[in-house]
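Work through the exercises below with the structure open. Try each task before reading its solution.

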Amino acid sequence: MKQLRIGIFVVLLTGCKEKTPLTTGLEGQPLPSIELLLADSISRFHTAQLPKGKPVVLFAFEPSCPYCRAQTKNLLQTPGIMNDVQIVMVSSAAFGDFKSFYNKYNLYQYPDVTAGIDLHYVFQEYFKIPEVPCMAIYDSDKKLKQVLIGYTRISSIRKVTDS
């Protein structure tokens, strides 16, 4: 029993540790075409609608993931993070779970945050992500700079968007 507790503790600690960037082979490639179902359950958002001249963070999350919830809370509570970055939150969760998450974090209050359900699993298939949270960071020309897996400090996100 003691070994089981130690094992669980080690897994939790490694989940909290910021991981090295994921090399995808897609670096420098343009933003993929992703269509999201928005929280009103009718409207759609397409990545082609993103304004030019602003870096983009595609943030894959699942509402049940504690690291995703912590990452969301940290993003929303960090002053200035969204002043010059567009955040697109992408989930493949059931609509009810997504909607609860959307309302819990009041995502509708943030004009530079778009959140929706990737009904066609484009993000997951395109990046072949091993886990969430996952952030694909694009420059202002919509070219992939880096993919970050796991909970990521705001300073690390800023380092990529500002370079």
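**Confidence first**

This is a predicted model. The chain averages a pLDDT of 88, and 87% of the residues score at least 70. Over residues 1-16 the pLDDT is below 50. Beyond near neighbours in sequence, that stretch has four contacts in the model.

**Exercise 1. State how many helices and strands the chain has, and give their order.**

Step 1. Count the elements: five helices and seven strands.
Step 2. Read along the sequence: the pattern is α-β-β-β-α-β-α-β-α-β-β-α.

**Exercise 2. Classify Leu 76 as buried or exposed.**

Step 1. Locate the residue: Leu 76 sits in helix α2, which spans residues 66-77.
Step 2. Take its relative accessible area, 15%.
Step 3. Apply the cut-off: buried means under 20%. Leu 76 is therefore buried.
Step 4. Look across the chain to Tyr 105, 29 residues away in sequence: the C-alpha atoms of Leu 76 and Tyr 105 are separated by 8.4 Å.

**Exercise 3. Do likewise for Thr 20: buried or exposed?**

Step 1. Thr 20 is in the loop between α1 (2-16) and β1 (35-38).
Step 2. Its relative accessibility is 65%.
Step 3. Exposed means over 50%, so Thr 20 counts as exposed.
Step 4. Thr 20 and Val 147 lie 127 residues apart in sequence, with 9.3 Å from C-alpha to C-alpha.

**Exercise 4. Describe the chain as a whole, from burial to contacts and surface.**

Step 1. Burial: 44% of the 163 residues count as buried.
Step 2. Contacts: of those with a separation of 6 or more, 71% join residues 24 or more positions apart.
Step 3. Surface: the accessible area comes to about 8700 Å², and 56% of it belongs to carbon and sulfur atoms.

How values were computed:
Residues are numbered from 1 along each chain as its sequence is written. This is a predicted model: local features need pLDDT of at least 70, side-chain atom pairs count only at pLDDT 80 or more; totals for chains, interfaces and linings use all residues. Side-chain values use heavy atoms; hydrogens and water are left out. pLDDT is the predictor's confidence in each residue, from 0 to 100. Contact means heavy atoms within 4.5 Å. Helices (H or I, at least four residues) and strands (E, at least two) are DSSP runs, numbered from the N terminus. Buried means under 20% relative accessible area, exposed over 50%, partly exposed in between (1.4 Å probe, protein chains only). Accessible areas come from the Shrake-Rupley method with a 1.4 Å probe; for residues, only the protein chains shown count as cover.
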